[in-house]
Amino acid sequence: MAFERSSWERPDPGLEQAAEFGDARAMMRLAHFFERRDPEQAHRWFHDAAEAGESEAMYRLAELLTGRLADQARHWYRRAAEAGHLQAMYAMGTTGDDLEEPDRWLRRAAQSGHVDAKLELGRALRDRDLPQEAEHWLRAAAEDDGEQWVEPFDPAEIDAGLGPRHQACLDLVALLAAQSRFEEANRWRDRAKRVLEWEANVNRAFFRRSATGTVVVTAVVATAVIPFLQALMSKAAEDTYGQARALVQRMLRRPPSQSEASNGATLLIADDPDAHITLCLWSDVTDEALRALTSLNLDELTAQRPDRGRIRLVWNPANSRWQVRGDQRDQ
């Protein structure tokens with residue numbers, strides 16, 4: 001049962017409006033907002049975003065269902081993995097009764113750059129007495145230079161050496177020592193100490209970023225949407241995407257530097273009360289979305305106003321298209 005929320009715990013109403021219009025990014029922000037406040041609402045928005053094609057939503061939905069509805073969780077893990085979600089590939093590679101499918105997903109995740117998958121694949125190959133291939137994947141994990149693996153450890157545990165790079169170094173030490181390659185083993189032992197310090201620093205930085213993060217806000221602006229769209233489309237046609245984003249910032253009445261300083265994008269909801277058109281547009285709108293604007297038929301949109309109700313324009317990153325939703329005018 002969802003517990004009562006006080007007024008200050010309400011999400012931004014503009015975010016709710018955009019999510020209802022079909023903006024998958026707004027759905028994700030709402031789902032994250034409700035995760036610790038109202039699990040039922042979180043489930044609803046993760047599910048809607050997953051159905052809209054958001055692989056991260058598919059993965060988070062699977063996480064919510066794990067332990068309660070295992071078959072449904074597996075279904076969403078698989079869909080997220082098939083959509084290219086690395087963590088879902090890793091989850092598929094570390095669960096399941098059949099050895100063949102998890103092995104395939106674990107290898108795919110490792111080949112795609114997932115450092116935990118590299119570590120686990122190396123260990124699995126070591127346990128199958130395939131030391132040469134095991135060494136390859138353990139080295140790949142130990143030498144990984146990305147931050148994809150960083151998890152929100154308890155701040156009290158960030159010096160405990162829980163990261164996969166450190167563990168891979170130690171596994172390499174044992175593997176090499178078992179082959180009497182003691183000089184190499186000693187080099188990896190020294191490297192393990194340096195990696196442990198590096199991982200601790202990365203996790204401290206992670207907690208600093210988490211502590212200073214801000215909640216996204218929306219700006220609802222009454223404006224003539226068609227001329228605004230035409231201006232954006234003109235910039236997109238000229239490949240001047242920075243200028244197009246500057247137009248969005250001006251609509252928000254703030255300089256780009258102010259949005260960047262807030263550590264989060266702002267959602268612009270441009271509403272045309274006369275033409276009955278609403279546009280949902282994020283301040284960090286991608287080049288791809290701006291480019292796709294040029295394929296919109298504005299004559300068709302304006303020809304439909306106002307007899308066939310309101311039109312809502314929302315970018316769908318899952319299929320790289322502008323989603324045009326309409327509803328019938330109230331009678």
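Trainee: Why is Glu51 called partly exposed?

Mentor: In this predicted model, Glu51 has a relative accessible area of 46%, and because the partly exposed class lies between under 20% for buried and over 50% for exposed, Glu51 counts as partly exposed.

Trainee: What makes the contact of Glu51 and Arg79 a salt bridge?

Mentor: The N to O distance of this pair is 3.9 Å, and since a salt bridge needs a side-chain nitrogen of Lys or Arg within 4 Å of a carboxyl oxygen of Asp or Glu, the side chains of Glu51 and Arg79 meet that condition.

Trainee: Is Glu101 buried or exposed, and how do you know?

Mentor: Glu101 has a relative accessible area of 16%, and because buried means under 20%, Glu101 is called buried. Its salt-bridge partner is Arg78, at 2.6 Å from N to O, and the pair links distant parts of the chain, with Glu101 in helix 7 (residues 100–111) and Arg78 in helix 5. Arg78, at 26% relative accessibility, counts as partly exposed.

Trainee: Why does the salt bridge of Arg60 with Glu35 tie together parts that are 25 residues apart in sequence?

Mentor: The closest N and O atoms of Arg60 and Glu35 are 2.6 Å apart, and Arg60 lies in helix 4 (residues 55–65) while Glu35 lies in the loop between helix 2 (24–34) and helix 3 (39–51), so the pair ties those parts together.

Note on methods:
Residues are numbered from 1 along each chain as its sequence is written. This is a predicted model: local features need pLDDT of at least 70, side-chain atom pairs count only at pLDDT 80 or more; totals for chains, interfaces and linings use all residues. Side-chain values use heavy atoms; hydrogens and water are left out. Helices (H or I, at least four residues) and strands (E, at least two) are DSSP runs, numbered from the N terminus. Buried means under 20% relative accessible area, exposed over 50%, partly exposed in between (1.4 Å probe, protein chains only).
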